Structure formats: C-alpha cells, structure tokens
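Student: I have a model open on my screen and would like to learn to read it. Could we go through it together, one question at a time?

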Amino acid sequence: MTTPKTSLTGIKPTATPHLGNYLGAIRPALRLAEQYRTIYFIADYHALTTLRDPQALQGYIYDVAATWLACGLDPERTIFFRQSQVIEVFELAWILACLFGTGHLLRGHSYKDAIAKGQKDPNAGITFYPILMAADILLYDTHVVPVGKDQKQHLEVARDLAGRFNHHFGPTLVVPEPLIGEAPLVPGTDGTKMSKSKGNTIPLFAPPKQLRKLIMSIKTGSEGLDDPKDPDRSTVWQLCRQLAPEAAGPMAEKLRRGVGYGWGHAKQDFFEALDAELGPMRERFEALRGDEAQLDETLAAGAAKARPIAQATMARVREAVGIRRPPCPPKETLRLKKSGGGG
Ligand code: ADP
Ligand code: TRP
C-alpha cells in the first residue's frame, strides 16, 4: 500500500463560521479526508495579527473547533489541533524568513490589504503573515493545501520558500500544491459575496429564530405577489440551490409562475429547508461547544500527533542549515561544577 499524500489547511479563528465558510472551505476540506492524510489546525497565532480581545479569541477557537467536528471532522482520522501547541513552527518561520526578501512581503496581500483598509503602519505580524503560513505548511511535509482563491498568493510564497530552501541546502522540504476550491461563491444577505467584513453573513449554526430573521432580511426584487420572478437573479434561490438543493427545483417553478408566491414565501420555504438540513449538525455543534474541556482534550491529542511530524522536519532542517544542538548537560552536572569551584 502506498502512503497517502498529505492535505493540510489552517483556519483562522477570527469569526464564527458562516454558510460561505461551510460550502467554500469546511465541506470540501472534509471530503479530502477520504483520499489524503489530513492535517487541519486552528491558526490561533495568525489571528493575533488582527485580534486583541483574549475572550473573543478563546471563543472563536472553540467555535471553530466545535464547528469542524460537528460538520464531520473525525479526530481519529484527521490530525486536528491548535497551531500554538506545536511551537516548532516559529523556529521554521525564522529560518524561512532569512531566505525571503522584505520587498516581497511588502507586496504581499496581507500587507497591501491592511494598507488599503487605511492602516498607516501595519504591524510586523501582518507583514510576516505569509512566512508563518509557509512554515505551517512546510513543517508537515504537505502535498496539497485546500484554500480559497484569496490564499493563492500565500501558497506561492510557501512554494517559493520550499524551492529556495532546497536550492540552498539540498532537498529537504516538500513543495506543496494549492488545491483551489471549485465551489461557487455563496452570496450574503445583500447579494454580494458572503464575508464577515461586509456584515452580510448567516452564521452556520445560528439558532432557528436568528436564522429565520436573517433569511427574512435577504435582499429581493420589488416584484409583487403575483408577478413572475427570475430565480437565477435572486439571492434566496441561489442560496437555496447551494444549501438545500432538494427545495430549489420546486421553488424555481413557483417563482417563475408567480401567482400567489411572493419573496416572503420563498424565504419561508428556504428557511424551513435549511433549518431541516442544518438541524442535526447544529445539535452536535451545541453539544460540542458546551464542553470546552473536551474540546481542549481533542485538540491536545491532535497536537501530540502533529508534534513528532514537526520535530522530524525540524531535525532535517537544522541539520541542513548547520544548526547543531548538542543535548544540554543535565541540571545536576551544572550545579556540581559551579559549587565544586570553591572547593
Ligand atoms: P470571510 O470572507 O468571511 O473573512 P474567510 O476569508 O475567513 O471569510 O474565509 C475562509 C475560507 O472560507 C475562504 O478561503 C474561502 O475558501 C471560504 N469562503 C469564505 N467566504 C465564502 C463565500 N462567500 N463563498 C464561498 N466560500 C467562501
Ligand atoms: N491564511 C489562512 C486564511 O486566512 C489561514 C492559514 C494559516 C492557513 N496558516 C495556513 C491556510 C496554512 C492554509 C495553510 O484563511
């Protein structure tokens, strides 16, 4: 039997996952577990580049962990952990940083986006972001990285760095490939791409009352109750087609016919179909989210599996760059030598 290739991705815990994250990132990544050795982690140190609220960070970490588990991540099969629990990543990040031009970083997405958002002096973590992400990837001998289009440039940095390292120090690191999702973009309540920065998201596990309220707020055309309506140009139908496909056919027919079927009816039908679809997962989410100690345990068990892979990579990397670390003498010897000096 051949060893399966490794698929790895990081999830930044800066918001509670929404329907776009589910279709665009969570579901496709989970499907890869059938084909690949999967290593998925919560990129908590990456979150610190923008988040300075310890309570919120803790909450998002548990939200993300419980969400992925509720959506079907099997921690026996997928190595699932907190980035911060495998600190070798910082050692590798430093070594990689020494191979990369600062100018490259200043042309990177993370830095340029911060400038575009009006930041005068983005913090060094934002600038350094792509290097830490490259270290995340290269530390685990990753073959493929499932990410959205927005992360393509970061993947290029990781590939570039693996290439540079191997060129200077001999073949040591696996050069990863991006696996850019094919899933269509999920629209938000205003009809544009669902995104936390736009305030148009529908949280994946919103309680039914909130879910209904958000669905009722979806922007629609101004056609009257009896006017024929074009499903293809409606956000409600697009969402229904992507998230509750069985209900989409009948809804399209009723919208086209018009007669007695307004946007309010379409939204109610979508709410019911989506609520039925998400209900069982939401129940699992609530049970998981309610037990933070158990989530800590699951993530720590994942870190215990991830660390030996990271340590093996670091042993190769240190040897390649010429950093030898003879073992430190035991504490006892140190104390003896010191006190022995005085006779
Ligand atoms: P946001 O835009 O809300 O900040 P993130 O950038 O944190 O979302 O998204 C993480 C991943 O989730 C993205 O790389 C992408 O794969 C997926 N994703 C986010 N929003 C959408 C969307 N509206 N449609 C499809 N996929 C999405
Ligand atoms: N930058 C990614 C995002 O914002 C999160 C991330 C951190 C990541 N490290 C990674 C993704 C390693 C893939 C591989 O979505």
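## Ligands, domains and a salt bridge

Tutor: Happy to. In this predicted model, a nitrogen atom of ligand 1 lies 2.8 Å from a polar backbone atom of Val186.

Student: Which residue has a side-chain N or O atom 2.8 Å from an oxygen atom of ligand 1?

Tutor: Val186 is out, since there the polar atom belongs to the backbone. The five residues that come nearest, out of 13 around ligand 1, are His18, Val186, Met194, Lys196 and Ser195. The side-chain N or O atom at 2.8 Å from a ligand oxygen belongs to Ser195.

Student: How many residues surround ligand 2, and which side chain has an N or O atom 2.9 Å from a nitrogen atom of that ligand?

Tutor: The count around ligand 2 is 14, with Gly10, Tyr129, Met133, Asp136 and Gln151 the closest. A nitrogen atom of ligand 2 sits 2.7 Å from a side-chain N or O atom of Tyr129, and 2.7 Å is also the value for the side chain of Asp136. The 2.9 Å distance belongs to the side chain of Gln151.

Student: Now the domains, please. How far apart are the centres of domain 1 and domain 2?

Tutor: Start with the bounds: domain 1 covers 6-186 + 292-321, and domain 2 covers 205-287. Taken over C-alpha atoms, their centres are separated by 34 Å.

Student: How many residues does each domain bring to the contact, and how much area do the two bury between them?

Tutor: Domain 1 brings eleven residues to the contact and domain 2 brings nine. Of the buried area, 73% is on carbon and sulfur atoms. On the side of domain 1, Leu19, Leu23 and Ala70 supply 47% of what that domain buries, more than any other three residues. The area buried between the two domains is about 930 Å².

Student: Which helix gives the most residues to the side of domain 1 that touches domain 2?

Tutor: Two elements give two or more residues there: helix 1 (19-31) and helix 3 (54-70). That side holds nine nonpolar residues, one polar and one charged. With four residues, the one that gives the most is helix 3.

Student: How many salt bridges are there between the domains?

Tutor: Polar contacts are a separate count, and two residue pairs across the interface meet that rule. The structure as a whole holds eleven salt bridges. Between domain 1 and domain 2, the number is zero.

Student: One last thing: how many residues apart in sequence are the parts that Arg82 and Asp296 tie together?

Tutor: Arg82 and Asp296 form a salt bridge, their closest N and O atoms being 3.1 Å apart. Arg82 is in strand 3 (residues 79-82) and Asp296 is in helix 13 (residues 292-321), so the parts they tie together are apart in sequence by 214 residues.

How values were computed: Residues are numbered from 1 along each chain as its sequence is written. Chains are lettered from A and ligands numbered from 1 in the order in which they are written. This is a predicted model: local features need pLDDT of at least 70, side-chain atom pairs count only at pLDDT 80 or more; totals for chains, interfaces and linings use all residues. Side-chain values use heavy atoms; hydrogens and water are left out. Domain bounds come from an automatic or database domain assignment. Contact means heavy atoms within 4.5 Å. Buried area is the accessible area (1.4 Å probe) that two parts lose on being put together, summed over both. A salt bridge is a side-chain nitrogen of Lys or Arg within 4 Å of a carboxyl oxygen of Asp or Glu. A polar contact is a pair of N or O atoms within 3.5 Å; within protein, one must be able to donate a hydrogen and the other to accept it, and residues adjacent in sequence count only if both atoms are side-chain atoms. Ala, Val, Leu, Ile, Met, Phe, Trp, Tyr, Cys and Pro count as nonpolar, Asp, Glu, Lys and Arg as charged, and the others, Gly among them, as polar. A residue is near a molecule or strand if one of its heavy atoms lies within 4 Å of it.
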